[in-house]
Amino acid sequence: MGLVFRSRKKFGPLILNFTENGYSSWSFKIGRWSWNSKTRAHRVDLPGPLSWKQDKSRSKS
């Protein structure tokens, strides 16, 4: 397994994520709730090492 470069820049509740190829995605975090632009998933941090994640809807009408 190789090494992976990751970097984060925080501007209040806005987080910019970078990889070795440059800009990757942005996230928005308020308290225990967060949303990521790349995965379009909501996440809530739970006590301990647990978290709850809801992915974007993949159903098609």
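These legends accompany several close-up views of a predicted model. Local features need pLDDT of at least 70 and side-chain atom pairs count only at pLDDT 80 or more, while totals for chains, interfaces and linings use all residues. Residues are numbered from 1 along each chain as its sequence is written, and side-chain values use heavy atoms, with hydrogens and water left out.

**View 1. The open sheet of six strands.** Let us start with the sheet, whose strands follow the order E1-E2-E3-E4-E5-E6 with antiparallel pairing. Strands (E, at least two residues) are DSSP runs numbered from the N terminus, and two of them pair if DSSP finds at least two bridges between them. At the edges are E1 and strand E6 (51-54), each pairing on one side only. On average, neighbouring strands of this sheet are turned by 20° against each other, direction ignored; the axes are lines fitted to C-alpha atoms, and angles run from 0 to 180 degrees between N-to-C directions.

**View 2. The hairpin of E5 and E6.** Here strand E5 (residues 41-45) runs antiparallel to E6, and four bridges join the two. Look for aspartate 45, which stands opposite serine 51 in E6. Five residues lie between the strands of this hairpin, where glycine 48 takes a positive phi near 75°.

**View 3. The salt bridge of aspartate 45 and lysine 29.** The structure holds one salt bridge, that is, a side-chain nitrogen of Lys or Arg within 4 Å of a carboxyl oxygen of Asp or Glu. Aspartate 45 forms it with lysine 29, and the closest N and O atoms are 2.8 Å apart. Aspartate 45 belongs to strand E5 and lysine 29 to strand E3 (residues 22-30), so the pair ties together parts that are 16 residues apart in sequence. Aspartate 45 is partly exposed, at 29% relative accessible area, and lysine 29 is partly exposed at 33% (buried is under 20%, exposed over 50%, partly exposed in between; 1.4 Å probe, protein chains only).

**View 4. A nonpolar surface patch.** Phe11, Leu14, Tyr23 and Trp26 make this patch of about 410 Å². Its members have over 30% relative accessible area and no salt bridge, with nonpolar side chains (Val, Leu, Ile, Met, Phe, Trp, Tyr) joined within 5 Å; areas come from the Shrake-Rupley method with a 1.4 Å probe. Phenylalanine 11 is found in strand E1 (residues 6-11) and is exposed, with a relative accessible area of 53%.

Key. Patch = residues over 30% accessible without salt bridge, like charges linked within 9 Å, V, L, I, M, F, W, Y side chains within 5 Å.
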